[in-house]
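Colleague: I have a model open and would like to learn how to read it. Can you take me through it feature by feature?

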Amino acid sequence: MAATNDVKQGGVLSPVLFCVYVDDLLVRLSKIGVGCFIGRTCALAYADDIVLVAPSAFALQKMLAVCDKYALEYCMSFNAQKSKCMALLAKSRRFLASQLDSCGSSVGIRPMEFVISYLHLGHLISNKLEDDDDIARSQGQFIGQVNNVLTYFCKLDCFVRYRLFQSFCTSYYGCELWSLRSRKLIDFCHAWNKGVRRILEFTI
């Protein structure tokens, strides 16, 4: 029986129900055996985000063909404009990056855009397999949050501002994935120290 309705946007059960709905797709992708397997699967899925991991452009297109067939059977549609393709190349082969556009990976009849980085589930993934870009992005967000607290609550007591700082400026989403070897972490720590000093009025 084909579904004719979506799950509720923002619903508590929606991610779980959607995962149940696409579970058969993940099984089909595993059975064709052309993807890069992580454990028993070659596709990572959470809610409406699905990541296909393939060793080559040919294998990727074969997996996309399975997705197209599944979408046709279950009255679904995959948005090619929101779908991105990223190649993770070894340092010695990164010169091939300029030739990736000719690979022609597509969702349905629409080609996918090749990117060098992509924001997935709140974490910026780079084709260089480094966390520098994600740390720099988080540092920029942190500085903006500190500036907002100081702009709107500058006349409050410093301890009240510090409580606001703890509530609105210390999420650091995705920091558990950062490599401790990244030099950008030093810049982030300097920004954090400066932000705390500004909040507590050690320096303005």
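Colleague: What share of the contacts in the protein chain with a separation of 6 or more comes from residues 24 or more positions apart?

Modeller: Contact means heavy atoms within 4.5 Å. Here, residues 24 or more positions apart account for 60% of the contacts with a separation of 6 or more. Two notes on the source. This is a predicted model, where local features need pLDDT of at least 70, side-chain atom pairs count only at pLDDT 80 or more, and totals for chains, interfaces and linings use all residues. Residues are numbered from 1 along each chain as its sequence is written, and side-chain values use heavy atoms, with hydrogens and water left out.

Colleague: How many helices and strands does the protein chain have?

Modeller: Helices (H or I, at least four residues) and strands (E, at least two) are DSSP runs, numbered from the N terminus. The protein chain has 5 helices and 8 strands. From the N terminus, the order is α-β-β-α-β-β-β-β-β-β-α-α-α.

Colleague: How many of the residues count as buried?

Modeller: Buried means under 20% relative accessible area, exposed over 50%, partly exposed in between (1.4 Å probe, protein chains only). Of the 204 residues, 29% count as buried.

Colleague: Which residues touch the most other members of the largest nonpolar core?

Modeller: A nonpolar core is a set of buried Ala, Val, Leu, Ile, Met, Phe, Trp, Tyr and Cys residues joined through side-chain atoms within 4.5 Å. The largest one has 15 residues, and Leu25, Leu29, Met63 and Met76 touch the most other members. Helix 1 (14-32) and helix 2 (57-73) are the elements that give two or more residues to this core. Helix 2 gives the most, with 6 residues. Beyond four places away in sequence, Leu25 touches Ile50, Val66, Cys67, Tyr70 and Phe78. Another core, of 14 residues, lies apart from the largest one; Val146, Phe165, Phe188 and Ile199 are among its residues.

Colleague: At what angle do helix 3 and helix 5 pack?

Modeller: Axes are lines fitted to C-alpha atoms, for helices over the stretch in contact, and angles run from 0 to 180 degrees between N-to-C directions. Helix 3 (residues 132-153) and helix 5 (residues 184-199) pack at about 5°, with axes 9 Å apart. The two helices are therefore roughly parallel (angles under 35 degrees). The residues of this contact divide into 11 nonpolar, 4 polar and 4 charged.

Colleague: Is Gln139 buried or exposed?

Modeller: Gln139 counts as buried, at 18% relative accessibility. Gln139 is in helix 3. Beyond four places away in sequence, Gln139 touches Lys184, Asp187, Phe188 and Ala191.

Colleague: How many aromatic pairs are there?

Modeller: Rings of Phe, Tyr and Trp (its six-membered ring) pair if their centres lie within 6.5 Å; planes under 30 degrees apart count as stacked, over 60 as edge-to-face and the rest as tilted. The count is 9 aromatic pairs. Tyr172 and Phe188 form an edge-to-face pair, 5.7 Å centre to centre with 80° between the planes. Tyr172 lies in the loop between helix 4 (158-168) and helix 5, and Phe188 in helix 5, 16 residues apart. Tyr172 is partly exposed at 22% relative accessibility, whereas Phe188 is buried at 8%.

Colleague: Which residues does Cys158 touch?

Modeller: Beyond four places away in sequence, Cys158 touches Ile199 and Leu200. Cys158 and Ile199 are 41 residues apart in sequence, yet 6.4 Å apart in space, C-alpha to C-alpha.

How values were computed: Angles under 35 degrees count as roughly parallel, over 145 as roughly antiparallel, 65 to 115 as roughly perpendicular and the rest as oblique. Ala, Val, Leu, Ile, Met, Phe, Trp, Tyr, Cys and Pro count as nonpolar, Asp, Glu, Lys and Arg as charged, and the others, Gly among them, as polar.
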